[in-house]
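I opened this notebook to record how some pieces of the fold are arranged against one another. My notes follow in the order in which I looked things up.

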Amino acid sequence: MDPAIRGAAPRGGASFAVVLAWIQAAATALLFVVLGRAIDGMLRAEGLLGTVTAADPTGSGAGVLGSGVLSGGAEVLDAGAAVLDAGFWTSVLVCVLLAAVAAGAGALHSQYMAAATERGLRQLVVKALFDRGAVASSGRSGELLSLSTSAVERAATYRGSFLGPITGSLTTPFLVLALMAGTVSWRIAGALALLLLLVPLLISGFRKLVRPIGAQYRRSQGRLTAGFLENIQALETLVQHRAADRAGAQLAARGEEHRRGLMKMLAGNQLLILVVDGAFSLTVLVTSGLMTVHAVAHGTLTLGAAVAVVLMTVLVIGPVDVVGQFFYIGIAGRAAQSQIGAHIAGAGRGARSDSGTAGGDAGGPAGGAVVGGGSGSDGAVTGEARPAGASGPSTRTGAAGSGGAAEVPARGALVLDGVTAGWPGEAPVLRNVSLRIDRGERVALVGESGVGKSTLSALVQGHLVPRAGSVSVDGVAVTPATAYAARSRIAVVEQSTFLFVGSIADNLRIADPDASEDHLWEALDLAGLAAEVRAMPLGLDTPVGEHGALLSGGQAQRLSIARAWLRGAPVLVLDEPTSQVDLAGEAALLEALDRLAAHRTVLMIAHRPNAILAADRVLELTAHGITEVAR
């Protein structure tokens, strides 16, 4: 198991739960002992039990039912009344209070542990998600949703509120038997202890038996969640193509598969309950009952001690019953824990693999390669001369961000040097590609679909690590260790803008959480959206809907431009930003982009001529590399 998963639960929480279980069990067992001795005292007072002898100073073995009547009736009655004196009631009160406080504290502690562990596990899942990056996480929204919700909740319940109490349930019977051996009868306690040793063997064997059931349940739940989310997102398309019924039937089949898996797991849980309750618990009760009756009949156990033994036996098998009741949590929790562990391990392997490939092939120092000029091989052309029409210097230069960024002494704001890259599990899309864009330069990159424009954009943004060669953004080499610092120097306007559920202000503050309203209006004004937002009744508080459904395509893109301006980054990547708007809206969008691009280095990825008119250079990406297009 990944140590991070183990560390997600508060330190010492499981041990504290075990201690609370022990306190509750010990207090209850001692209460039964006190009650048993009180019964013996009252029976002696009535003359139904023999007196304490030298051979049996506790009185638990010498007294026999019907052994005779004690002399001195008045003294005996006084002695019997003294059994229920202040000391007796104090003992009872202390035991009851300890048991009640331990039980209440145990319930509260379990809730706290589950909540704290859930928070820790969800942070691990989200961190691993970001470590994997956008590329590795794409197309897995349903699986990731299931992982970060139900899997985290089940694993948190298992690690936070199950392991501690279940450990207490498995160990408190031995504590109770130790108290029984020291206060009542060591023979009966020893016999019951031997029977208790069978419980771990039963649970271990049963856990191996049901482990495949838990894994199957986890997989079916993931498929069902993914399918449901996909169908909800594509509902309009399904209805348009008259495929809703087919999709519903497929979803129903997945639901049935999940139901069968759940029934198998519940059947296993019920089987364990049957084994524990029907076989083990019955065996322990019958053994305890027979030995108690035999001891009382032969005068080795008093009636009060016998009552204490019976009550303590019920206390012994009570926690064992919890094993069966909570076994469902164990099956589902262990399966969810394995799923989370695989997710975290996958993120670690991916980061190590990508980092090693990039660092080994870049030829620079570890953690940040020194990027030189492009080689121009495979037909690639790199612009060494600064165009006369280039814009001024970027708004921010020098170090920014964190993550151990390595400054690269190169003139280019965007540099690709001998890069070979492709998507995970697929053949390389780019082979030995080199590119240099100077600070303040505007460059348009065009090319046919599938030639690698999106791959190049993913490289620049740090979503993809090259298999060979190196990439730098504003002097920072893009590696897994420095991706955060590289992204702090770049703002992106993509062809499809993602807007979160919330208001216009909420979406703008994604880029700058501390931005004032005046600053937000300034950003909207630059994007050409301020007048439209002011005309809305709620202004900046206007909700955008799910994925920006309450805004037009042009408004969503201009909101993305305003958000990019708030980033204040010196490098701007425009990934076909006009592809989702009509020709009428494209002109206004290009004007806003032109204002955004002022004093910035710009890489514009486009395939429509109207979208590249403002570029200083136009480069074409082909299967053979990058060539400059004459204008």
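I looked up helix H16 (residues 517–526) and helix H18 (residues 553–567), whose axes lie 8 Å apart at an angle of about 125°. H16 and H18 are therefore oblique to each other, since angles under 35 degrees count as roughly parallel, over 145 as roughly antiparallel, 65 to 115 as roughly perpendicular and the rest as oblique. Helices here are DSSP runs of H or I with at least four residues, and strands are runs of E with at least two.

I noted that the model is predicted, that local features need pLDDT of at least 70 and side-chain atom pairs pLDDT 80 or more, while totals for chains, interfaces and linings use all residues. Residues are numbered from 1 along each chain as its sequence is written, and side-chain values use heavy atoms, without hydrogens and water.

For the contact (heavy atoms within 4.5 Å), I found that His 519, Leu 520, Glu 522, Ala 523, Leu 524 and Leu 526 in H16 meet Leu 559, Ile 561, Ala 562, Trp 565 and Leu 566 in H18.

I then turned to the sheet, an open one in which 4 strands run in the order S2-S1-S4-S5 with antiparallel pairing; two strands pair if DSSP finds at least two bridges between them. Strand S2 (430–438) and strand S5 (476–477) are at the edges with a single partner strand each, so one side of each has no neighbour in the sheet. I saw that strand S4 (residues 468–473) pairs with S5 over 2 bridges in the antiparallel sense, and that Val 473 stands opposite Val 476 in S5.

Note on methods
Axes fitted to C-alpha atoms, helices over the stretch in contact; angles between N-to-C directions.
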